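Work through the exercises below with the model open beside you. Try each task before reading its solution.

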Amino acid sequence: MVKDNLKILHVLGSPSDDYSFNLNMYYGGSFDDGVGSGKYSFSYALARPDGTWSFVKRLSDIVDVERGEERENDLEKMDITAALQHIKSVIKPDLALIQFACLKGTTAFWALFEALDIPLIGGSAESRYLCMDKLKTRAVLLVYNNVSCAEGLTLNKGDPIPSAHIKYPCVVKASKGEDSKSVRLVKDQQSLDAAVEHALTYSNQVIIERFVEGREFRCAVVKSEKTGDIKALSCMEYNVPAKNIREDKLLCADEKGLPVCCKAPESKTWFLDPAKEGELINRIQQQSCQAFQELDLQDFGLFDFRVDREGNPFFLECNLFCSFGSKSVVNVIAKESDFTDESLFDLMVQNALLRKEKTS
């Protein structure tokens, strides 16, 4: 049983850049602090790209969710050292929900909270380092050989492009990078150099892999720390042309390149019907659970696949971000599998606390 009035610190923003900061205002700002019907007592920390932190009791005091930006305020601004000390000695949370959408926030800053010995929803910093690097993710899955990945090769910065060994169409993507900003579908040799150069602006390593013509899907997996059960939830399909990649995951941006909405308007999804496509659902769910185990994940994971015309799934990437707001993709998929927003969050809280008990 989770005790009443459990103190949960909700951390959002970005210590990296304005793009990730605004992005997180949309995603993290959608969290409903009324979830739990009195079981939880929330407080909020906002981390800014300039290195300052502020703390509030209500998210609406500092974030304008509709506009996706920080409200004007006269709150005290602390540096990271003072902020971490404030968290540890003043707030004293029972656990934390970290909502950073940037590489630095989801890895290095995640590790800082682990160092404070605060239980975290969403698993370990190690798992985040792994899943934020597509090359490392792919390498782990290829070792086990239970999750299908499209054939491909890796380039390091400065390497010559082995054009003679590349078949078209192919997909070029940076090993590290968020929101598919680094991904390009390349249909001929003329476009390859530009796609590689673009990807190298995000990472020193680039993956070039065979393009899988077909359909695109996402499957969520959740785990119970109490029972050890790993459950694949309903499968969501994206409205993607068979001969193209999904580009609607990129956010609409203003003239400064900052996000102005949380989902491109043309983005359409639907859930697969088990009565009509049960075999395909089973294949995607099995590979999602395999990937969850082989990547040594905790709590939840989102897995994207392309499925070819013969019904064979090929892994694209794993995403470990969830705002636990009602519009979050994990929540939307979980509700299709008979969870409520509250029961999903309760499970995540219980998991984090049980991990803490096991290591105490």
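**Exercise 1. Find which element gives the most to the lining of the largest cavity.**

Step 1. Start with the answer: β15 gives the most, with four residues. Bear in mind that the model is predicted.

Step 2. The structure holds two cavities of 30 Å³ or more.

Step 3. List the elements that give two or more residues to its lining. They are β8 (170-174), β10, β14 and β15.

Step 4. Look at the residues. The lining has 23 of them, and V171, K173, V183, I245 and L316 lie nearest the centre. By class, the lining divides into nine nonpolar, three polar and 11 charged residues.

**Exercise 2. Describe the second largest cavity: its volume, its lining and the residue classes there.**

Step 1. Its volume is about 90 Å³.

Step 2. Among its lining residues are C131, K134, T137, R138 and K173. F315, L316, E317 and C318 also belong to this lining.

Step 3. Sort the lining by element. α6 (134-144), β10 and β15 each give two or more residues. The largest share, four residues, comes from β15.

Step 4. Sort the lining by class. There are five nonpolar, one polar and five charged residues.

**Exercise 3. Give the strand order of the five-stranded open sheet, then find its edges.**

Step 1. The order is β13-β12-β11-β14-β15, with antiparallel pairing.

Step 2. β13 (269-271) and β15 stand at the edges. Each has a single partner strand, so one side of each is left without a neighbour in the sheet.

Step 3. Neighbouring strands are turned by 30° against each other on average, direction ignored.

Step 4. Zoom in on one pair. Strand β12 (residues 230-238) and β13 pair in the antiparallel sense over three bridges. Y238 has T269, in β13, as its bridge partner.

**Exercise 4. Is R355 buried or exposed, and what does its salt bridge with D299 link?**

Step 1. R355 and D299 form a salt bridge, with their closest N and O atoms 2.8 Å apart.

Step 2. R355 lies in helix α10 (residues 341-359) and D299 in the loop between α8 and β14, so the pair ties together parts 56 residues apart in sequence.

Step 3. Apply the cut-off: buried means under 20%. R355 has 14% relative accessible area, so R355 is buried. D299 is buried too, at 0%.

**Exercise 5. How many salt bridges are there, and which residues are joined into one network?**

Step 1. The count comes to 23 salt bridges.

Step 2. E216, R218, R246, D304 and R306 form one network, joined by salt bridges that share partners.

Terms used
Residues are numbered from 1 along each chain as its sequence is written. This is a predicted model: local features need pLDDT of at least 70, side-chain atom pairs count only at pLDDT 80 or more; totals for chains, interfaces and linings use all residues. Side-chain values use heavy atoms; hydrogens and water are left out. A salt bridge is a side-chain nitrogen of Lys or Arg within 4 Å of a carboxyl oxygen of Asp or Glu. Buried means under 20% relative accessible area, exposed over 50%, partly exposed in between (1.4 Å probe, protein chains only). Two strands pair if DSSP finds at least two bridges between them. Axes are lines fitted to C-alpha atoms, for helices over the stretch in contact, and angles run from 0 to 180 degrees between N-to-C directions. On a 1 Å grid over the protein atoms alone, a cavity is a set of points where a 1.4 Å probe fits but cannot get out, and a pocket is an open set with protein on both sides within 12 Å along at least five of seven lines; lining residues have an atom within 4 Å of a point. Grid points are joined across faces, edges and corners, and a volume is the space filled by probe spheres set on the points. Ala, Val, Leu, Ile, Met, Phe, Trp, Tyr, Cys and Pro count as nonpolar, Asp, Glu, Lys and Arg as charged, and the others, Gly among them, as polar.
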